[in-house]
Amino acid sequence: MQTHGSESYYVIGEGLLGESIDGRDLGDEPPIVAAAAAAADAADVTPPFRFSRLGPKGVNRQLGEPNRKKVGAAMAVAGGGQSQIPAGFTYLGQFIDHDLTFDKTAVMLGANVTPAELLQGRSPSLDLDSLYGAGPEDPESAKFYEADGIHLKVGKTVGPTKVGFDLPRGAGSTNAQKRKAIIPDPRNDENLAVAQMHCAMIRFHNRVVDTLPASVPQGQRFAKARKRVTKHYQWMIRTDYLPRICAAGVVNDVFNNGRKVFEPGAPAMSVPTMPIEFSVAAFRLGHAMIRARYNWNAVFDNGGGTLGLLFTFSALGGDLGGDTRLASIWIADFRRLFNFGEANKPNLTVPPAKFNRAMRIDTTIVDPLQHLPPKAIGLPGSTPFNDVARNLAFRNLTRAGMLKLATGQQMANFLKNKGVNVTKLTKAQIRNGNNGADLGALTQAQREAFLKNTPLWFYVLREAELNGGKLKGVGARIVAETFHRAMQGSTSSIVNDPSFAPTLGPNSTTFRMVDLLLFAFEGKKALLAPNG
Ligand code: HEM
């Protein structure tokens, strides 16, 4: 079963790194599982996903397990408070992560895949292939589409039935088969918030199709719509999502002046890779944004939408509460997740007390993330509540150890040497932070080791914590460059087509997430918040 997160990383030039974290041995495994890589080569099996290493290896710089356990526990205590970022951006981030790390070849039939497609399909891109699969013409992906091969399938909620508010789900004889989402990337059914985000993106595509001029011939309608959707989505990421999580100066520098460190001279349309420093550390920033409870909608109000319930009412993190379709009372109220006041729609806003803001990007994650649902991470259901393998912070730190990921300090030096203007955090800054994780439980020796060789994920979160909750320095550079490269490597790309200007927002330079939702949901309260 596909669960959230890669279990192993095929790093170009190094082979298959890391092993399942689910086994009991969570210590410092040998970094390169040479035998597995050799076996894959021998069998001429194409490697899974094209990861690469941007910086140096962190040999002899990894924390021991007791240290990781203490840091993991220190991080999973909540603490840093809320940010100004609307909480919907957390799950937009998770959706984007799945788009970036989606292995398209999983939905393609071997015989139909050319070598070029194979390479491209296993590369990071922001092409929305987690929404489109390999397209309606592909036999394995046809099931995601209506019979016309142009619209994406939608699902129905129950009690009362509402069309278009759930993911399309399966048929079959068992309840598990019936509730399985029929979408290219099952990870988008890992929790209700990301699932509702996926539904919104389905709706966005379908509405773009419906608003294409009648003159567009039938045979071109899908391709035209997909291109329009993808470029608007990229525009929104570059101008709305990224500047909310990352220092705007860095985002602008990378998009206006180009990349300095990550595959800097790569020709347009060449196949990109995904730096493990992004995947295993920097972009896990989203874990800090997750709230323990949400004012989800009018029914599950005042914190009634707990993170646990958001898992329960999905089919990968839970079991849809025992049903085979989502109950209508769980449909999202997008007005509580995104601020439509930004688009001058005061009639689509909720009182501040009902609005959900993401947690600040800092070195803390909320307590429920210490106890991830075993099912979502491929662990047996009997895994004890306090098992450390269920702690997301410990998992992230351990994954870095397995890959011998560069430390924060190593990456700061590396970037400086490449001409990037970053200021290295001091030991005092790493130790004290700003109302984030408290390292007081570490022994003197453990703390010394930690301050000298700080795990990259923690380091970029501390940078953000000291910068009002926005990535800067090392974290901002890694994230902005990786996004730029992924857009450059996409078939439809605003990086390769600088003449593109959005047409679905209020003017030719503006297309934000609120504009995407307004377009998708026709600006109607009854669709953005059907539970009132
Ligand atoms: C409730 C929400 C979320 C849950 C439960 C969750 C859980 C997880 C888990 C269990 C992993 C694998 C950990 C391992 O290495 O063993 C993971 C990986 C990852 N997560 Fe999350 N995550 C959530 C939201 C997010 C968000 C909002 C972002 C970014 C904005 C994010 C970014 C990533 C990245 C980049 C990875 C590694 C790449 C991948 O394989 O997908 N996650 N997450």
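1. A residue is called partly exposed when its relative accessible area lies between the limit for buried, under 20%, and that for exposed, over 50%. K57, with a relative accessible area of 37%, is therefore partly exposed, whereas E14, at 19% relative accessibility, counts as buried because the cut-off is under 20%. These two residues are taken up again below, once the confidence of the model has been set out.

2. The structure is a predicted model, and its confidence should be read before its details. The chain averages a pLDDT of 91, and 92% of the residues score at least 70. Over residues 22-44, however, the pLDDT is below 50, although this stretch has 42 contacts in the model beyond near neighbours in sequence.

3. On charged pairs, the count comes to 23 salt bridges. One of them joins K57 to E14, with the closest N and O atoms 3.9 Å apart, a distance that falls within the 4 Å limit used for such a pair. The two partners come from distant parts of the chain, 43 residues apart, since K57 sits in the loop between β3 (51-52) and α2 (65-75), while E14 sits in the loop between β1 (9-11) and β2 (15-17).

4. Two further pairs may be set side by side. The side chains of R169 and D166 meet in a salt bridge with an N to O distance of 2.8 Å; here R169 is buried, with a relative accessible area of 10%, and D166 is buried as well, with a relative accessible area of 2%. In the other pair, K427 forms a salt bridge with E448, the closest N and O atoms being 3.6 Å apart, and this links distant parts of the chain, K427 being in helix α15 and E448 in helix α16, 21 residues apart. K427 is partly exposed at a relative accessible area of 38%, and E448 is partly exposed at 37%.

5. Beyond these pairs, a network of salt bridges links D301, D333, R335, R336 and K354.

6. Which part of the structure encloses helix α14, and how many of its residues are buried? Seven of the 10 residues of this helix (residues 408-417) are buried, so α14 is largely enclosed by the rest of the structure. The buried residues are G408, Q409, Q410, M411, A412, F414 and L415, and they pack against α10 (276-281), α15 (427-432), α16 (444-452), α17 (456-465) and α18 (473-488). Helices α15 and α16, among these packing partners, are also the two helices that hold K427 and E448. Just after α14, G419 takes a positive phi of about 90°.

7. Finally, the count of disulfides comes to zero. Among the cysteines, C199 counts as buried at 7% relative accessibility, and C246 is buried with a relative accessible area of 0%.

Notes. Residues numbered from 1 in each chain as written. Predicted model: local features only at pLDDT ≥ 70, side-chain atom pairs only at ≥ 80, totals over all residues. Heavy atoms only, no water. Buried < 20%, exposed > 50% of the residue type's maximum accessible area, 1.4 Å probe, protein only. Helix = DSSP H or I, 4+ residues; strand = E, 2+ residues; numbered from the N terminus. Contact = heavy atoms within 4.5 Å. Disulfide = S-S within 2.5 Å. pLDDT = per-residue confidence, 0-100.
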